[in-house]
Amino acid sequence: LIMLIPKKSRQDIYKKLFQDGVMVAKKDFNAPKHPELPHISNNMVIRAMQSLRSREFVHEQYAWRHFYWSLTDEGIGHLREYLNIPSEVQPKTLMRAAPSALPSGPGGGGGGG
């Protein structure tokens, strides 16, 4: 099945994927819109991600009627080139979380009990 996806829609899908590093879609090819991209049909998101998967730019998991895709290192490079994103910008999945302050007090961590 060949599906033509408008360039603007493809760019929006790729931008969202690059921002988060992951994408989720329910296996519902007739859904009029994707929950995170309301102006794009769910089917277009699934087809765009299948295209990336066939080129090994994303890793696909399927569970409980949902597709889960995560970017590979090659996919990050491809999207960075396609969307003209500078190298210092990283997907959220590669960003380190800020170290959280441990509570100091009785039973609050820090001690070697």
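**Strand pairing and helix packing in a predicted model**

S2 and S3 are paired in the antiparallel sense, with six bridges between them. The two strands form a hairpin in which two residues lie between them. In the turn, tryptophan 64 has a positive phi of about 50 degrees.

The other partner of S3 is S1. Strand S3, residues 66–71, pairs with S1 over five bridges, in the antiparallel sense. Within this pairing, methionine 23 stands opposite tryptophan 69 in S3.

Taken together, the three strands make an open sheet with the order S1-S3-S2 and antiparallel pairing. Strand S1 (22–26) and strand S2 (58–63) are at the edges and have a single partner strand each, so one side of each has no neighbour in the sheet. From one strand to the next, the twist averages 20 degrees. Helix H1 packs on this sheet and touches S1, S2 and S3. The direction of H1 makes about 120 degrees with that of S1.

For H1 (residues 7–20) and H2 (residues 42–54), the angle is about 70 degrees and the axes are 10 Å apart. Angles of 65 to 115 degrees count as roughly perpendicular, and H1 and H2 are therefore roughly perpendicular to each other. Their crossing is right-handed. On the H1 side, the contact is made by Ser9, Ile13, Tyr14 and Leu17; H2 contributes Met44, Val45, Ala48, Met49 and Leu52. Sorted by class, this contact of H1 with H2 contains eight nonpolar residues, one polar residue and no charged residues.

A search of the whole structure finds three aromatic pairs. In one of them, the ring centres of tyrosine 14 and tyrosine 82 are 5.2 Å apart and the ring planes are at 70 degrees. Planes over 60 degrees apart count as edge-to-face, and the pair is therefore edge-to-face. The pair links distant parts of the chain, since tyrosine 14 is in helix H1 and tyrosine 82 is in helix H3 (residues 73–83), 68 residues apart.

Notes: Residues numbered from 1 in each chain as written. Predicted model: local features only at pLDDT ≥ 70, side-chain atom pairs only at ≥ 80, totals over all residues. Heavy atoms only, no water. Axes fitted to C-alpha atoms, helices over the stretch in contact; angles between N-to-C directions. Helix = DSSP H or I, 4+ residues; strand = E, 2+ residues; numbered from the N terminus. Parallel < 35°, antiparallel > 145°, perpendicular 65-115°, else oblique. Left-handed = near helix turned anticlockwise from the far one by under 90°. Contact = heavy atoms within 4.5 Å. Nonpolar A, V, L, I, M, F, W, Y, C, P; charged D, E, K, R; others polar. Pairing = 2+ DSSP bridges. Phe/Tyr/Trp six-rings, centres within 6.5 Å; stacked < 30°, edge-to-face > 60°.
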